[in-house]
Structures are given as structure tokens and as C-alpha cells.
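Here are some comments on the pockets in this model, set down as numbered points. Please read them beside the structure.

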Amino acid sequence: MKALEADIEVEQGAFSLRARFSAPAKGITVLFGPSGSGKTTLLSVLAGLKRPDRGIVTLGADSIGDLPPHRRGLGLVFQDARLFPHLTVRQNIAYAAHRAPQAGLQVEEVARFFDIVPLLDRPTGNLSGGEKSRVALARALASRPDFLLLDEPFAALDGIRRRAFIATLLDLHKVHQLPMLVVTHNIDDAAALGSHLVALQAGVVVAAGDFATASRQAAFQSLLDERDTGAAIAADRLLVADNRRGAIWLRADQVLLASEAPHGLSARNVLAGQVTALRPENDQSVLVELAAPVGHLFSRVTPQAARELALAPGRPVWAIAKAHLL
Amino acid sequence: MLSGEEAQILATSLWVAVNAVLWSLPFAVAMAFALSRRFPGKLALEGVTHLPIILPPVLVGFVLLMLFGQRGPIGSVLAGAGIHLAFTAKGAALATAVMIFPVFVRSIRLAFEATDRNLFEAAAVLRAGPMDRFVSIALPLAGPGILAGMVMAFATALGEFGAVITFAANIPGQTQTLPLAIYAVLQQPGGEAEAMRLAVLSFILAMLGLAAAALLQRWAVRRLAG
């Protein structure tokens, strides 16, 4: 297992990318940023498909910045799958397996893992979006990369399929010990997958580090839609209405506060904690930051509520979240 | 149906056209692939490739004679190796190959340009090097287009006249192809009937070529649509 580190500069007309970050060998790193922040450009540079103006890319102890893409040992799953149209699903996966540095993964084995065995002898043209994504992922795994880059591979998927794909990614990481860098601009996907975070804005890294900690920083929260202000809480620390893995992005707008231990509530998540900071946002709202045993979280309340509950740093409070709202 | 002489003419025509297409195929594929990419000097190379279309065919034949004739710089070397091109069937194939080259390159190039560049990136991150990508992705995807180009080139080859007669002359049984034979019989009084028979034969061959090209094109479209 190897860590991926980069220090890259790209000038592209009016856009410039100056990114310096590292993605650890253990865990899934989420590369987060609004569209136009340079995420895809950054992936292209890492994979060697685009030449930076200046830059260093290292994988483990090796400097790979000057190597052509086929020698870097990095896998890349594109947003649009890019399956080879003249090959069947089986041949697409075999294409990668034949070129893998060490043998070991059989096409059938990979197909079973991604639940695409019935598709193996189909042409790629008439697969659904979800099927294409899984085949692309299977193909990338079959080439035995040292590090896997994924460019919003679930952008084309919705709801249940998206969750299923995220679960597959988590399994893939766990079973094959494959470090990943996943690009997304969806905060729920980011929280579900990420153990580490690299946040890009206008070509610059604005927050990086352990996901829960880095995502709490104001620089990161400012990238989000106001209604998405929140914090990542491990899914197994909360009670939610469905089976979700990874972490849940608990939005400030989903959290009620009580100044006393509530009882007789239907809400399943009642978390005792302490106010750590108050941030007045405008006339209508105050953002309250709390420390609880499950981690830090936010709640957005009105100024009146903040006064009536006498919210202030150090004040013990109970945060409440409905299972079905999460 | 066909007289012995006519069969001989048809055989010469087919031999010349088939050889012209097969021998120029690797060069046409390489040139077409090069021209489907971006590189400095591309425009100049494109110009050179199109020369046989722009120049009078007789001039092309004359240039070939200068280069590949017994005393030409290339011809004298080949003669040392026992290969004679001027005034032979092989020479007719060479002159034909040069003349069809622009058409050949153009149709293959269209096939290369129609393939999705993104697939090369996808292959590259699956550890396929440049040559590997050419063989495993570019060629198979352009395959139907290359086949269609071969058929078009073959049909064009059957009609070559000026360069062939200049470089290979009009020798019955050796370099006399269909158009050359038509020309020869028209030189004789009362040759119109024979010329008409040969013309019909040419027409049938050309039509078969076009039909084959159209079928291949349809197959190519179906295949690329998945």
C-alpha cells in the first residue's frame, strides 16, 4: 500500500491550479470541491493524462510525475465509464487483467465481487448507467493499480443505486486494501466514503486532513450550500432509518437543541453535549457548534431560541435528530 | 462470356489493383493515423500526401520513371537485386498505389478521427503503452473504416490510367489493365464494340466495389453504436 502525494501547478488560461496534498495509503480520500474548482484537472495530472506546468507526484517512495500514464500504477475510473465498445464486458475486464503487473485476479473473481457475472458476455453498448459504472470499476481493479482514482463515478446514478455503489466502493477498499482518491461534489457521498478530505476551491486546497476534523473547518463549510452546513458522524453512532455505512452528514438544519434532557420524544437520536461556539450568521440564524461523544456537530437555531436556551460556550445541551430525517 | 484476351485483361487489372491496395495498406494506415493526430509539420505532410491528386497523372508516371527506371536512383539499386519495376506488372501496381494513396489515406483517416479519443486515455490508465493502444484500440475500432477504405481504393485502382501507362506502358498480358485495354482497342478502327464490352466489365466491377463499400460502412456504424 502506497500513499499518493502531489505538489502541482497548472496554468490554463484564466484558471490556475496550485494544489499540494497527500492521500494516505490507508483509507479513502475524498477530493471535494464545487464544479470548476479543478478536481478533474487534478486527477488528469495525477494520472499523467495532462502535463502540469510544474509539479511533483509521488506514489509511495517513487516519483512518478515524469512517467507516462501506463507506467504510473494508478488506476482511474472516469465519470463516463469509457468502456471499450468493440469488446464485451468480459473482454473489457480481461483487457485490464492481461496487462496487470502480477497475475492473480481472474475475470470471474472480479465479476463476482461486483455482481456483474450475468453481464460478462454482453456487449457494453446496452448496459445501464449503474452496470457501466460497476464494469468500469471491475476493469480498474483487474489492472491491479497501487492507487485508484475515481472521478465522480456515481454522478450518473440515483438514490438506491448510488448507495449500492458507495457500499461496493467501501467493500472494495476493505477487501482489496486498495487506497482511493474519490472526486465528488456531493457532501453525503463524501461523508459516506471519506476517511480523509482534500477540499479544492478555485484551484487551491482550502482544507485537508482527517475527514471529520477537516470538514468542520469554516473554509470547508463555506464551500457548501448554506443548508448543507453540518458535520460527519459515524453511521454506527446514530440511528437511521436505513442501512448506511461510512459516515452520515448531519446537517445543522436537522438538529434540534434542548436545554434539558428531553423525555417522551419519538426522535431516536438524543445526544448529550456541550456548546463550544456560537456563530451568528444573519438576523435569522445562529450556528451553534457542539461537542458530543459522537463528535462535533452543528445546529442552526434562531436568535430568539439561542437567547431563550441561554446558549453560550460551555452550556450543556441535548441535540436531537429524527431517524427518518437523516 | 469473356474471351481469352478479356479474361487476361481482367486478371491483370485485378492483380494490379489487389497488389496496389495490399502493398500501400500499411503505409496508408500509418499516414492516416499520423494525420489524425496533431503534430508540427502536419500541414506539410498532408500536402505531400495529396500531391498525386493535384499533379497530372502523366507527370506522376514520369517522376516514377525517373526514380524507379533502370538508371533512376532507386531503380538502379532495385535492378541490382533483380527487381524491375518500369514496364512490368509490379510497376503498374506501384504507379496505381501512388495514385490511390490520397483517397486511401483520406478514408482511413476519417475512421481514426471518428474514434473516441477518451478511450485511449482509458486504455493508458489500464497500463497499455502507445503501440499497445494503437493495436488494441485504434486499429480494431477503425477496422471497418479501413476495410471500407480498401474497397474504395480498390475501385479507384481499377480505373488508373495516366501514371500506369507512362510508367508501365501498355503491354498486353503484362501491364494492360482494363482502362489501358479500352484505350488500345479505341486506337484501332472498328474497336468500338470491343471497347463497349470492356467498358461494361469496368462498370460492373466498379458497382460491385461501391456496394461492398456501402455494406462495410453500414456494418461499421452498427458496430460503433454498440
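**Pocket linings**

1. By class, 7 nonpolar, 4 polar and 7 charged residues make up the lining of the second largest pocket. The model is predicted, and the volumes and linings given here are computed from it.

2. The second largest pocket has a volume of about 370 Å³. Its lining comprises 18 residues, and those nearest the centre are Arg163(A), Ile166(A), Asp188(A), Ala192(A) and Arg244(A).

3. Which elements give two or more residues to the lining of the second largest pocket? They are helix H5 (159–176), helix H6 (187–193) and strand E12 (247–251), in chain A. H5(A) supplies the largest share of this lining, with 5 residues.

4. The largest pocket holds about 820 Å³ of space. It is lined by 27 residues, and Leu64(B), Phe68(B), Leu94(B), Ala97(B) and Val98(B) are the closest to its centre.

5. How many residues come from H1(B), which gives the most? The number from H1(B) is 7.

6. On residue classes, the lining of the largest pocket divides into 23 nonpolar, 3 polar and 1 charged. For the second largest pocket, the lining has 7 charged residues and 7 nonpolar ones, with 4 polar.

Conventions. Residues are numbered from 1 along each chain as its sequence is written. Chains are lettered from A and ligands numbered from 1 in the order in which they are written. This is a predicted model: local features need pLDDT of at least 70, side-chain atom pairs count only at pLDDT 80 or more; totals for chains, interfaces and linings use all residues. Side-chain values use heavy atoms; hydrogens and water are left out. On a 1 Å grid over the protein atoms alone, a cavity is a set of points where a 1.4 Å probe fits but cannot get out, and a pocket is an open set with protein on both sides within 12 Å along at least five of seven lines; lining residues have an atom within 4 Å of a point. Grid points are joined across faces, edges and corners, and a volume is the space filled by probe spheres set on the points. Helices (H or I, at least four residues) and strands (E, at least two) are DSSP runs, numbered from the N terminus. Ala, Val, Leu, Ile, Met, Phe, Trp, Tyr, Cys and Pro count as nonpolar, Asp, Glu, Lys and Arg as charged, and the others, Gly among them, as polar.
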